Amino acid sequence: MNSPASGRHGRARIAVESRSIDCIPDSERHARLADQGPFWFLGNFHFFTLSIGFVGPSLGLSAPWSALAGALGIMFGTLFMALHGAQGPQLGLPQMIQSRAQFGFRGVILPLCATLLVFTGFNVVNVSLIMQGMQAVFGLPPAPTACVAVAAGALLAVCGHDVMHRAFRCALMLALPLYALATLALLAGVGEPLARQGTGPAPGFAWSAFAAQFTIAASYNISYAPYVSDYSRYLPRHTAPRRLIAAIFLGASLSGAWMIGLGAWMAQRLQAGDALAALGQIGAALFPGADRLLPALAVVAFLPIIALNTYSAALTVLTAADSLGGLRPTRSARIGAIAAISATILACVLSIQGSGVALLHSFLALLLYFLVPWTAVNLVDYFLVRKGRYAIADFFTPQGIYGAWGWRGICAYLGGFAAMVPFMHIHDATDGHAVFIGWAAQRLGGVDFAWLPGILVAGSLYGGLARNLDLQAEEAASCQPRQDSHPLHPKERTP
């Protein structure tokens with residue numbers, strides 16, 4: 001297993017995690033429930049989430065209404081995200097390995113493609129935002145900034161679970177006073193322009209704008225669903241599911257609502273269109289040098305988020321490699337996957353120019369269409385169909401009880417996606433023109449509610465198709481003794 005610095009004594013000193021997609025045995029379940037709330041609080045507590053709050057004001061919605069819509073949306077999306085967290089302690093597996101129960105050993109490639117693109121795509125946007133912010137505030141050249149940001153994220157991801165949790169705690173201690181100061185300063189009117197430009201109508205309420213703010217906030221946290229079990233799988237098996245779900249829900253929803261609300265007020269009061277620039281504007285009115293200090297601290301506190309995406313992307317790559325041809329889940333394989341992903345992210349970031357970042361935002365919105373049916377299928381299977389009872393060893397072989405291709409999960413996924421099409425509203429972020437708008441979206445004033453029918457149809461369809469599953473046979477298989485390492489390689493022990 002891990003070196004002495006990890007495992008039960010993972011807090012003694014820094015060590016590189018040796019586990020990857022294999023099952024975490026009970027002897028190594030050293031994580032604490034108390035860490036989950038702060039971990040996911042920081043997951044949304046950064047300047048990227050601030051930009052979500054700019055949506056409502058850009059559509060004419062007032063800051064209070066935008067904050068309310070964002071808070072409701074975040075709480076709705078976080079509910080689905082938090083429910084996935086309960087799977088980690090029970091199974092001790094990364095999130096997408098567990099999806100083999102619904103999609104099959106090879107069929108899981110379908111949702112894996114979407115999740116991998118989400119992980120890497122978010123990091124491309126994250127690093128691009130850091131490049132632009134550091135260039136605007138400090139005049140730093142973009143390429144070296146990107147290299148440092150990607151390398152920092154890769155290093156934390158290589159160290160793995162324990163070090164990442166520690167980094168998140170440190171980043172939270174840095175970010176909490178930063179954004180508390182920015183919030184109090186904004187409420188006091190610090191940084192507001194003396195004269196407002198333009199003579200347009202004052203922001204108010206519009207149903208379409210309120211719904212759009214709600215939708216993007218809900219979708220934002222639903223996109224976290226493939227991550228959660230990756231960071232809760234080291235918790236002891238006896239961890240109370242309700243307490244874990246509550247910790248994740250409160251952490252992610254409170255910080256998300258705070259940041260979206262703060263972003264909405266920034267957009268209205270500061271007429272801001274960029275989160276880092278808005279922090280600099282507030283800092284300029286506080287004390288000399290704060291216009292540079294606040295954005296710099298925000299970027300430093302944001303670096304663990306890059307590691308979050310890189311780590312989960314590596315587990316996704318390893319899951320795909322195992323599904324396609326078998327894989328020894330060694331520490332070297334995980335480090336190699338992290339290196340390849342980081343190089344890909346860096347190449348994409350350096351190749352994007354100008355409006356490419358805006359196009360990538362639209363691309364990420366498209367990927368949410370592919371995640372929504374997956375989260376519905378996965379949650380229905382775990383909570384309503386199999387009720388948390390799985391044969392761990394059968395996740396790692398196409399000859400197991402879950403088979404190579406899970407036709408029920410695949411059909412439900414495709415059915416949920418088809419139900420979303422009439423509600424889709426796909427637009428080009430560079431000019432705002434609609435690329436595709438379904439007939440239902442047209443009748444709803446252009447608001448994209450595709451995620452709602454996607455969740456309902458995919459979940460209901462899977463529940464119906466799973467009624468003839470032989471759960472008694474699966475229950476007997478799940479009661480077999482579990483291996484203390486990867487089921488495909490029971491003798492493998494990484495140093």
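In this predicted model, the side chains of arginine 233 and glutamate 17 come together in a salt bridge, 3.2 Å from N to O. The term salt bridge is used here for a side-chain nitrogen of Lys or Arg within 4 Å of a carboxyl oxygen of Asp or Glu. Arginine 233 sits in the loop between helix H11 (207-222) and helix H12 (241-269), while glutamate 17 belongs to the segment before helix H1 (36-44), so this pair ties together parts that lie 216 residues apart in sequence. Helices (H or I, at least four residues) and strands (E, at least two) are DSSP runs, numbered from the N terminus. Both partners, arginine 233 and glutamate 17, are buried; buried means under 20% relative accessible area, exposed means over 50%, and partly exposed covers what is in between (1.4 Å probe, protein chains only).

A word on the ground rules. Numbering runs from 1 along each chain as its sequence is written, and side-chain values use heavy atoms, with hydrogens and water left out. Since the model is predicted, local features need pLDDT of at least 70 and side-chain atom pairs count only at pLDDT 80 or more, whereas totals for chains, interfaces and linings use all residues.

The structure has 8 salt bridges. Another one of them joins the side chains of arginine 19 and glutamate 28, at 2.7 Å from N to O, and here too arginine 19 and glutamate 28 are buried. Arg19 and Glu28 also belong, along with Asp22, to a network of salt bridges. Then there is the pairing of aspartate 35 with arginine 169, whose side chains meet in a salt bridge at 3.6 Å, N to O. This pair links distant parts of the chain, with aspartate 35 in the segment before H1 and arginine 169 in helix H10 (residues 161-187), 134 residues apart. Aspartate 35 is buried, at 7% relative accessible area, but arginine 169 is partly exposed, at 27%.

Back in the loop between H11 and H12, threonine 239 has its place. Threonine 239 counts as buried, with a relative accessibility of 13%. A polar atom of its side chain lies 2.7 Å from the backbone oxygen of proline 236. Setting aside neighbours within four places in sequence, threonine 239 is in contact with Leu33, Pro89 and Leu244, where contact means heavy atoms within 4.5 Å.

Proline 64 is found in helix H4 (residues 63-85) and is partly exposed, at 44% relative accessibility. Beyond its neighbours within four places in sequence, proline 64 is in contact with Trp265 and Gln268.

As for the chain overall, its secondary structure amounts to 20 helices and 2 strands. Of its 495 residues, 57% are buried. Among contacts with a separation of 6 or more, 85% come from residues 24 or more positions apart. The accessible surface is about 19100 Å², with 67% of it belonging to carbon and sulfur atoms; such areas come from the Shrake-Rupley method with a 1.4 Å probe, and for residues only the protein chains shown count as cover.

Finally, a search of the whole structure turns up 0 disulfides, a disulfide being a pair of cysteine sulfur atoms within 2.5 Å. Cysteine 348 is partly exposed, with 33% relative accessible area, and cysteine 411 is likewise partly exposed, at 38%.

Technical notes
Polar contact = N/O pair within 3.5 Å; in protein donor to acceptor, adjacent residues only side chain to side chain.
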